[in-house]
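Trainee: I have a model to read, and I want to know what stands behind each label.
Mentor: Good. Open it and ask.

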Amino acid sequence: MRSLHFGAGNIGRGFIGLILSQAGYEVCFSDVNSDLVRLLQEKRAYTVRLANAEQQTFRVEHVTAIHGNQLEAVAEAVAQADIVTTAVGVGVLKHIAEGIARGLELRLERGGAPLQLIACENAIGGSTQLKERVFAHLSGETLERVNRMAVFPDAAVDRIVPIQHNEDPLEVRVEPFYEWVVDESQLFPGFRRIEGIHYVDRLEPYIERKLFTVNTGHCAAAYFGYLRGIATIQETLADAELRRRVRGVMEETGALLIDKYGFDAAEHARYIDKILERFVNPYLTDEVARVGRSPIRKLSADDRLVRPALQAFERGLPVEGLVWAMAAALHFDHASDPEAANIQADLANLGLSRTIANYTSIEPSHPLHEAIRQAYEAITAAASS
Ligand SMILES: NC(=O)c1ccc[n+]([C@@H]2O[C@H](COP(=O)([O-])OP(=O)(O)OC[C@H]3O[C@@H](n4cnc5c(N)ncnc54)[C@H](O)[C@@H]3O)[C@@H](O)[C@H]2O)c1
Ligand SMILES: O=P(O)(O)OC[C@@H](O)[C@@H](O)[C@H](O)[C@H](O)CO
């Protein structure tokens, strides 16, 4: 069985490639990093190492790679694949869509075997977004036939894989925990189950629980840590006050999730504890720059900060911690992050209120807008005092 996975980065190699390989798939990666593609083509294997005392390793073999710019080769791989997955970043889905569309056309010409395409990105409706991007390259009868041939089930993926600094450039060090949840209601009846994937009828509670707990807490830690000049999540959470504040943000999203989905409060508190322990895994070093990366994406209306904050506010639940996390995100000015630079430029050129409205879609008339503005100003004042 063949799988085609877009994005041979940390999650691609350290999680999705590993699971698919263990489930019996040969994995072909597509990436635009030429060195990575060349190395995968040469070595045809790589190692995944668990970040725990045992340091257990897994060898992923029979892999290969295609450069993402080689559209014909990408299309051919899509036409031949038994499953297509992605972990490129939700903003990159538009760049891989054309190759996938060409491949789906080719597949139709060759008989149109059914295909599932799963976007393993940190986003609500990631595969649905991929489908929209791919379908924008198709039209008429072809589009209708592809729509009957291909399904794009949404997914939630959870495994912390920091930026790698290993001697072997293909090795990936990952936390032992993982969870890959796929919406089976979007799959063809009688689909082949993949070991390692948890199939559910309704994904929304799973993706919101993951995104609003793991990722909201994670980015709050990154943004609060950054304000203190701290470089890693581990160091941030070693500070008792910062840990209390990060936990406070996770408790706010927790109250929302409990109210919205009827989760058991004690069980959810244990879920938060377990995630905080994962964040401080002593066998990993996770940089604030990675976890806070792309603040425009993280501040967007459907992502981990604004979406739970608005939902909690509408239900009359506390949002103070989320407000501070959003204000801190606006202060995130990491030199390596182009999105952070854009926010800083807008703050300088357009002013605070328009910048808040532009990135969060929370208009000045909304009470949360004023709360974010005040928190932002308080952070500015504290920094200059
Ligand atoms: N790292 C984690 O802990 C983690 C966990 C869960 C989900 N995710 C999600 O997985 C996705 C990838 O994250 P990551 O940490 O692996 O990032 P990463 O930067 O390590 O990997 C992304 C890879 O995509 C490649 N890429 C970029 N443009 C491409 C294109 N046009 N075609 C093919 N490949 C392209 C990059 O070269 C890179 O190798 C993101 O959506 C992220 O939110 C990450
Ligand atoms: O990948 P991002 O930028 O959406 O978020 C950064 C981290 O919070 C994220 O990668 C986590 O490590 C991951 O989602 C854990 O499952």
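Mentor: Start with helix α2. On its face turned away from the buried side sit the exposed residues Ser34, Asp35, Arg38 and Glu42. Keep in mind that this is a predicted model.

Trainee: What makes a residue such as Ser34 exposed?

Mentor: The cut-off is 12 or fewer other C-beta atoms within 10 Å. Ser34 is classed as exposed, so its count falls in that range.

Trainee: Which residues of α2 are buried?

Mentor: Leu36, Val37 and Leu40, in the helix that spans residues 34-43.

Trainee: How do you know that they are on the same side of α2?

Mentor: Look at the arc around the axis. They cover only 100°, and that puts them on the same side of α2.

Trainee: What covers these buried residues?

Mentor: The cover includes β2 (26-31) and β5 (64-67). After α2 comes Arg44, with a positive phi near 60°.

Trainee: Now Leu4. Why is Leu4 called buried?

Mentor: Count the neighbours. Leu4 has 29 other C-beta atoms within 10 Å. The label needs 20 or more. Therefore Leu4 is buried.

Trainee: Where does Leu4 lie, and with which residues is it in contact?

Mentor: Leu4 lies in strand β1, residues 2-6. Leave aside neighbours within four places in sequence, and its contacts are Cys28, Ser30, Ala77, Val78, Ala81 and Val84.

Trainee: What makes Cys28 a contact of Leu4?

Mentor: The test is C-beta atoms within 7 Å. Cys28 is listed as a contact of Leu4, so the pair meets that limit.

Trainee: Is Gly12 buried or exposed?

Mentor: Gly12 has 25 C-beta neighbours inside 10 Å. Gly12 belongs to helix α1, residues 10-22. Leaving aside neighbours within four places in sequence, its contacts are His5, Gly7, Gly17, Phe29 and Ala87.

Trainee: What does UniProt list for "binding site"?

Mentor: The entry is unreviewed, and its list includes Leu4 and Gly12.

Trainee: How many residues surround ligand 1, and which are the closest?

Mentor: There are 26, and the closest are Gly7, Gly9, Ile11, Gly68 and Asn122. The elements giving two or more residues to this shell are α1, β2 and α4 (93-109). The largest share, three residues, comes from α1.

Trainee: How do the residues of that shell divide?

Mentor: Into 13 nonpolar, 10 polar and three charged.

Methods
Residues numbered from 1 in each chain as written. Chains lettered and ligands numbered in written order. Predicted model: local features only at pLDDT ≥ 70, side-chain atom pairs only at ≥ 80, totals over all residues. UniProt positions renumbered as here; feature names shortened; annotations may be inferred. Helix = DSSP H or I, 4+ residues; strand = E, 2+ residues; numbered from the N terminus. Contact = placed C-beta atoms within 7 Å. Arc of directions from axis to C-beta. Near = placed C-beta within 6 Å. Nonpolar A, V, L, I, M, F, W, Y, C, P; charged D, E, K, R; others polar.
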